[in-house]
Amino acid sequence: MNTGKTAAGILLLTLLAVAVQVGASVSGRDYYLTQLTMAAYTAAVVMGLSLLVGYTGQISLGHAGFVAIGAYTSAFLSTAPLAHASGTALGKSLLRFHVLASRPELYGDGTVVSLAPGLAFLAGLLLAGLVAVGIGYPALRLHGHYLAMATLGFGLIVYRLVLGTAFLGAADGISSVPPLPILPGVACTGEPGQRIANYYIAAGFTLMVLLFLLNLTDSRTGRALRAIHGSERAAAATGIDTAAYKLKVFVLSAILAAAAGGLLTFYRGSIGPSDAGAMKSVRYVAMVAAGGMASVWGALVVGFVLTFLSLRGCFGSFDDAVFGVVLIVIMSFTPEGPFGPLRTLVVRFRARRRPALANGESEKEIPRVVA
Amino acid sequence: MSLLEVQGIARAFGGVQALQEVSFAVETGQIHAVIGPNGAGKTTLFNIISGLLRPHAGRITFLGRDITALPPHRISRAGIARTFQTLALFENMTVLENVMVGRHLRSHSGAVAAALRLPRQLHEEKRIREAALGYLSSVGLFSKAEAPVSALSFGQRRLVELARALATEPRLLLLDEPASGLNPRETDDLAQLIRRVRDDSVTVLLVEHDMSMVMDISDEILVLHYGRPIASGSPAEIRADPEVIAIYLGGEFTGAAC
Ligand SMILES: Nc1ncnc2c1ncn2[C@@H]1O[C@H](COP(=O)(O)OP(=O)(O)OP(=O)(O)O)[C@@H](O)[C@H]1O
Ligand SMILES: [Mg+2]
């Protein structure tokens with residue numbers, strides 16, 4: 001159990017996040033916060049995918065599809081006008097209980113009534129979870145790369161669907177997505193006045209995902225997932241319901257992707273088909289690989305840094321190519337990530353130097369089970 | 001009632017009839033060996049008992065319950081553990097973690113308890129760890145607990161698999177060639193350990209090519225040849241069986257050599 005280490009890591013990261021914000025604001029570079037915020041949401045997608053790909057050994061080549069489901073559901077339901085709702089008694093009480101929300105018309109001086117942004121967001125998570133069950137249930141009962149193929153097809157279908165559907169804005173996507181209220185006076189939105197608050201919303205969300213995944217991987221469940229990756233038949237013969245665990249992890253990572261996609265959409269105020277593209281899915285996998293596969297921390301750092309650099313335009317017109325090259329280089333030379341060989345060395349060195357146990361148990365105090 | 005009853009099992013791979021009309025029973029508290037030349041179908045039999053393969057015919061009952069169609073994790077929960085002839089360790093984990101996975105069935109905490117680090121989950125995690133260390137101690141690998149499995153010798157890796165299987169607290173333990181790759185001294189230690197496991201009220205079903213070990217520790221032996229049972233009985237009876245002797249002298253069945 002690494003409870004102490006985890007707490008220390010989270011605390012340090014929190015301090016770092018605050019320092020970055022203060023630094024950016026003091027030096028008058030607040031605009032950095034916009035890209036940092038978007039990079040944080042993307043890092044959450046990458047962390048969730050690392051649980052699936054890195055820990056459990058199941059590959060998804062369609063995670064941009066889940067991001068898109070979260071994003072488009074949030075955008076569509078929170079903007080689609082429910083024209084007659086405001087007139088009826090039912091509509092009025094739904095407005096009062098914040099199931100519906102009204103906002104001023106963009107052009108003109110009436111009001112538009114739509115589903116409340118919070119519910120639109122939750123609907124996105126639900127839909128992503130249901131779709132993940134639909135794809136994962138058949139694909140994960142089998143051994144092998146069925147999930148990779150099924151998710152590849154799924155990602156392409158989502159892309160084509162959003163591109164070809166008029167009410168999802170086709171090639172233009174959906175814009176003027178309203179803010180998602182979080183606390184009184186604080187909302188997930190791109191309004192310049194809320195930039196710092198939104199940086200902290202994204203940081204808080206990503207830190208929570210980090211803490212959740214760190215605790216999960218360092219537990220009975222986490223061991224079961226790694227066991228499935230290590231040897232599926234041995235895991236099954238040791239009492240692990242491999243199909244159920246694989247499905248749950250797939251659904252969890254899909255919901256995390258949809259959550260990040262939804263928040264990103266409220267933050268940017270818009271969503272377009274490019275976020276659903278197959279290349280985006282490849283990017284997520286590339287970042288998981290570069291983070292060291294089975295490493296939540298690696299996924300966070302690489303997901304965050306590479307996305308930030310990409311958003312800053314550091315890769316110029318080679319943007320997509322950079323991620324492709326990262327994937328090829330990692331897979332060919334160090335499949336355990338750039339720090340894989342180093343980590344192996346450290347583990348071996350420790351095993352030799354310090355045969356004593358991390359928790360300091362000695363053989364005498366542990367009773368033999370078989371006499 | 002026998003602990004395990006195998007009735008009329010058959011299984012083919014394409015044209016190869018790997019098992020045909022295999023029936024036998026394993027009595028509680030015994031060490032029951034299955035021997036036979038390479039390709040006789042021993043591993044296939046283990047795969048079927050442990051649920052990793054479906055038989056094409058036949059029935060398996062364990063503790064009076066039909067387990068033929070159960071998935072492997074349910075069979076494991078019913079009380080059958082196994083080791084693999086071609087090792088199947090979790091290479092991505094330490095020795096201790098491998099054995100901790102063996103405690104999966106004997107613990108309950110789910111994802112939410114883990115994520116929130118509930119006290120009950122922390123407590124259970126500590127118990128899993130201590131129990132796993134106890135099993136490592138039993139196979140003499142306590143000092144290797146924090147080592148990655150990849151750093152172990154072949155013989156030690158076999159012992160990690162054994163500890164992992166024991167950690168599930170099985171009623172029946174299937175061992176697929178546990179002595180292969182071990183030197184004579186390690187083999188002796190292993191024979192002692194298997195006896196102690198049996199004395200600890202774990203019934204053992206053993207596939208092994210090391211004939212002196214099999215003759216030494218088994219209560220009952222089943223001989224398979226081309227997927228069919230050709231003899232069964234006590235070690236003395238098997239040694240005296242003309243058909244078994246014929247296979248031996250025919251040179252197909254070369255004892256410890258494979
Ligand atoms: N998955 C499989 N696909 C095809 N053929 C298989 C498969 N598993 C086993 N066989 C075949 O079934 C027969 C029995 O194999 P099995 O592994 O059960 O023998 P065994 O008695 O364990 O042999 P050994 O002593 O070499 O371990 C062999 O002819 C083998 O080639
Ligand atoms: Mg075999």
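Ala, Val, Leu, Ile, Met, Phe, Trp, Tyr, Cys and Pro count as nonpolar, Asp, Glu, Lys and Arg as charged, and the others, Gly among them, as polar. This is a predicted model, where local features need pLDDT of at least 70, side-chain atom pairs count only at pLDDT 80 or more, and totals for chains, interfaces and linings use all residues. Residues are numbered from 1 along each chain as its sequence is written, and side-chain values use heavy atoms, with hydrogens and water left out.

**View 1. The shell around ligand 1.** By class, we get five nonpolar, seven polar and two charged residues here. Of the 14 residues around ligand 1, Gly39(B), Lys42(B), Thr43(B), Thr44(B) and Gln85(B) come nearest (near: a heavy atom within 4 Å). The largest share, three residues, comes from α1(B).

**View 2. Polar contacts of ligand 1.** Oxygen atoms of ligand 1 sit 3.0 Å from a backbone N or O atom of Gly41(B) and 3.4 Å from a polar side-chain atom of Glu177(B) (polar contact with the ligand: a pair of N or O atoms within 3.5 Å).

**View 3. The magnesium ion (ligand 2).** Thr43(B) (OG1) and Gln85(B) (OE1) coordinate the ion at 1.9 to 2.1 Å (donors: N, O and S atoms within 2.8 Å of the metal, or 3.2 Å for Na, K and Ca). The two residues are 42 apart in the chain, with Thr43(B) in helix α1 (residues 42-49) and Gln85(B) in the loop between β6 (80-82) and α3 (95-101) (helices are DSSP runs of H or I, at least four residues; strands are E, at least two).

Key. Chains lettered and ligands numbered in written order. Polar contact = N/O pair within 3.5 Å; in protein donor to acceptor, adjacent residues only side chain to side chain.
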